Amino acid sequence: MGPVAHGQRVRGGDDRDAVMRCGGGASRHSMMLAARRPSYSPFDLIRSGWPSGTPHASNRWSRSQSINMPTAEALDRRGLLPAAEQVQQEVLERMGSFARMVGDRTPGEGLLRAPEARFTGHFAGMVLDADLVDWSDPDLAAHTAAGGARMVPQRELEALLAEHVARLGVPVRRGVEVTALEDTGDGVLVGTTAGTVRTGWLVGCDGGHSTVRRLAGIDFAGTDPELTGYQAVVDLADPEKLANGWAWSPEGVYRYGPQPGRVATVEFDGPPADLPHARLRSRGGTPMAPVTLEEVQTSLRRVSGTDVTLTALRATPTRWTDNTRQAATYRSGRVLLAGDAAHVHPPFGGQGLNLGAGDAMNLGWKLGAVVAGWAPDGLLDTYDAERRPIGAWVLDWTRAQIGVLRGDAKSAALRGIVGDLLSTRDGTTYAVKKISGVDQCIDLPGDHPLVGRYVPDLWLTDGSRLADHGHGGGFLLLDRTPDGTFARLAAARAGRVSSVTDDHATPTGVLVRPDGVVAWATDTTDVVAATGLEAAPHRWTGAPSSSPEHEPVG
């Protein structure tokens, strides 16, 4: 980290109360889902200088088209579920119009046949059959309330989150680029194209080419790219020449649908010619040139073996590779990374969008607690410890799909075997659980099966769900003891923990973190359970406060 010549405060007050988030997109916005009323003073810098057609462009029509269950449930916890469900309904209507347009030439090819159909996804282009899934599986059955908000494209998700952040009054400075940074131990001096600013913490959400990561000196190791892919929404003169859904050829793979004009191609002839060397990319190399209509058409013709004609681009197309990397650490002093700044991989299944949102939700409340002054020692270090394993798994999940997707004979043979496995009830259920994120688990202390997992749909006797009581942010404690024992134990942390009482049932007690992860749970009301509840808040919320009712939630 190089020194910065001078500093000035962006806002009044102590610099330690300021958190600068650099970058755009869902990861930056998602930090506010973890703490609806942030105790710190966040402000955002949106970078300039990224040409249209790169992942940083504002038009994201050809980006991820869905979210996983943890992301949908995060929207639910902040009262955004109705808006997300409306988006899904609109998406389904567009998909229905596409199915009618193509005459459903290949039935079941990833199209949802009705609004109530369950979202499954695909593995390496092999669409998972919803009829084969064991929907009674405990992990899947425990997470259904937010199922009507899974098909939320990245563009619409970012719009929902941007509105949420705007309601919180977070200031945003657009067209500003970070050029230097210096961690001074008690803050960060950040050099920008608009001058030097001082902040307490700097969070890099600035994508795979992250300037923040490069300036912080954080390594970005991984595997080099071997393929080139394109995604676009286009007008076609002769759409009947394309197969509906995924199709393989000796030249690669393409997909047409499931929305009007949406096409994607994958070619295994190496990365784009203008791709900077992988080592340069790991240091924040220059983005590739914008994608043209002719480039997309050439790729689609080559892969499909047709002379299909594209007449217009209806959204900014994207070019991508299987460049797969993970930051050596997600934290360096007062500089942190989230989203693509911390990890990059092929965009199969929208995993990157959800992985980045998970990073931000995990980090947001912890950073707020540190700034608010009630965080226990080491809380911020758990961000890297908890999110790195999940990030590593996603990278391997996408690498596996590349291995199956390639057009060589060995990959074709492997694809046949994997396809057979995915045609079974157990195989399809396994893949759907992984894609949906319902079986994600963080290694936390505690023997109860819910600990470390995202809180399931817990219905209360008054007809509400536990999630309905968490719209204000902070920790949430469910107390089903006959005399309110658990709620009394948490009373000294009332500013950080909100208690909800209910009639006796199992689990009898659940403590949920602001990011939706269960920190403690029990099926009993005995002394052992009470002792566990005393330990869990101390681990996550620090010492009790003398004035808990006046304390910010973080």
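The structure, a predicted model, holds 6 aromatic pairs, where rings of Phe, Tyr and Trp (its six-membered ring) pair if their centres lie within 6.5 Å. One of them joins W365 and F475 edge-to-face, with 5.2 Å centre to centre and 90° between the planes; planes under 30 degrees apart count as stacked, over 60 as edge-to-face and the rest as tilted. This pair links distant parts of the chain, 110 residues apart: W365 is in helix 9 (residues 351–372) and F475 in strand 21 (residues 475–479). Helices (H or I, at least four residues) and strands (E, at least two) are DSSP runs, numbered from the N terminus.

**Rings and charges**
- W365 is buried at 2% relative accessibility, and F475 is buried at 1%; buried means under 20% relative accessible area, exposed over 50%, partly exposed in between (1.4 Å probe, protein chains only).
- F123, W393 and W397 are linked into a cluster by ring pairs.
- The charged end of R213 sits over the ring of F220, 3.5 Å from its centre (NZ of Lys or CZ of Arg within 6 Å of the ring centre and within 35 degrees of the ring normal).

**Helix 10**
- Helix 10 bends by about 30° at R387, and P389 follows within four residues; the bend is the angle between axes fitted to the seven residues ending there and the seven starting there.

**Whole chain**
- The chain has 14 helices and 24 strands.
- Of its 554 residues, 58% count as buried.

**Basis**
- Residues are numbered from 1 along each chain as its sequence is written, and side-chain values use heavy atoms, without hydrogens and water.
- Local features need pLDDT of at least 70 and side-chain atom pairs count only at pLDDT 80 or more, while totals for chains, interfaces and linings use all residues.
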